[in-house]
Amino acid sequence: MPNRTWTGAVAASARGGSAAFGGWLRTPSGVLVWRSAERVGDVTLRQAVDRGMSALLRVGLAHRASGPEVAVWPAAPLRYGRALLQRVEDAEALALAESVLPPPPEFAVAGLEKVEPGHYVAHGTRDYQVWPLLGVCSCPAFTYEASRPCKHLKAALEIERRAG
Ligand SMILES: [Zn+2]
């Protein structure tokens, strides 16, 4: 007897006054039919999870998925139709939610200014040129190989990665 169970996940995260959900839904044979992340503004994690579950169930209904098993994190609503909810952290859904949030504070390096795509200037006691896509920075730490990548490159790379 083939597996008939649809599986999915919804996770919420929040940072810098904004919450976001991420989620995915797969058919019983493992085909991904939905993968999404959306920033939903200044709401609670529970509300962000609600938004994600609504989106997942809309897709599930459209595909006639009955009673999908959904990993929900961190807040599991009491019930969502016939979906079987498990309060389990799903790394993929969480990463999706994280991907649309502002960068975490450690990457908000003071004075890192984007001057054009792939080119930043790190303003400090002296200014340094940062080219994350080339993996090059003009600061002493990078130039003299004390630290490669240097903190400027790490920050610029993270900003580029989050910008998609
Ligand atoms: Zn540097």
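Two residues are in contact if their C-beta atoms, placed from the backbone, lie within 7 Å. The legends below use the word in that sense, and the model they describe is predicted.

**Figure 1. Arginine 51 sits in helix 1.** Leaving aside its neighbours within four places in sequence, arginine 51 is in contact with Phe21 and Val40. A buried residue needs 20 or more. Phenylalanine 142 lies elsewhere: 91 residues separate it from arginine 51 in sequence, and 44 Å separate the two C-alpha atoms in space.

**Figure 2. Phenylalanine 21 belongs to the largest nonpolar core.** This core has 27 residues. Val10, Ala11, Ala12, Phe21, Ala93 and Ala97 touch the most other members. Several elements each supply at least two core residues: strand 1 (7-15), strand 2 (18-26), helix 1 (45-62), strand 4 (69-73) and helix 2 (91-99). Beyond its neighbours within four places in sequence, phenylalanine 21 has contacts that include Val10, Ala11, Ala12, Ala37, Val40, Ala48 and Ala97. Arg51 is also one of its contacts. In soluble globular proteins, nonpolar side chains tend to be buried together.

Figure 3. Which residues of helix 2 are buried? They are Ala93, Leu94, Leu96 and Ala97.

Figure 4. Helix 4 runs over residues 151-163 and has 13 residues. From its first C-alpha to its last it reaches 18 Å, close to the 18 Å expected at 1.5 Å a residue.

**Figure 5. Tryptophan 73 and proline 74 are joined by a cis peptide bond.** Where is proline 74? Proline 74 is in the loop between strand 4 and strand 5 (84-86). Most peptide bonds are trans.

**Figure 6. Arginine 64 has a positive phi.** Its phi is near 55 degrees, and the residue is not glycine. Most residues other than glycine have a negative phi. Arginine 64 lies in the loop between helix 1 and strand 4. Arginine 64 counts as exposed, because it has 7 C-beta neighbours inside 10 Å.

**Figure 7. The protein chain is assigned two domains, domain 1 and domain 2.** Domain 1 covers 7-99 and domain 2 covers 105-163. How many Å separate their centres, taken over C-alpha atoms? The answer is 34 Å. Four helices and nine strands make up the secondary structure of the protein chain. Its radius of gyration is 20 Å, well over the 15 Å that the globule rule gives for 164 residues, so the protein chain is more spread out than a compact globule. The C-alpha trace spans about 65 × 35 × 25 Å along its principal axes. Buried residues make up 30% of the 164 residues.

Technical notes. Residues are numbered from 1 along each chain as its sequence is written. This is a predicted model: local features need pLDDT of at least 70, side-chain atom pairs count only at pLDDT 80 or more; totals for chains, interfaces and linings use all residues. The expected span of a helix is 1.5 Å times one less than its number of residues. A nonpolar core is a set of buried Ala, Val, Leu, Ile, Met, Phe, Trp, Tyr and Cys residues joined through C-beta atoms within 7 Å. A residue is buried if 20 or more other C-beta atoms lie within 10 Å of its own, exposed if 12 or fewer, and partly exposed in between; C-beta atoms are placed from the backbone. The radius of gyration is taken over C-alpha atoms; the globule rule is 2.2 Å times the number of residues to the power 0.38. Domain bounds come from an automatic or database domain assignment.
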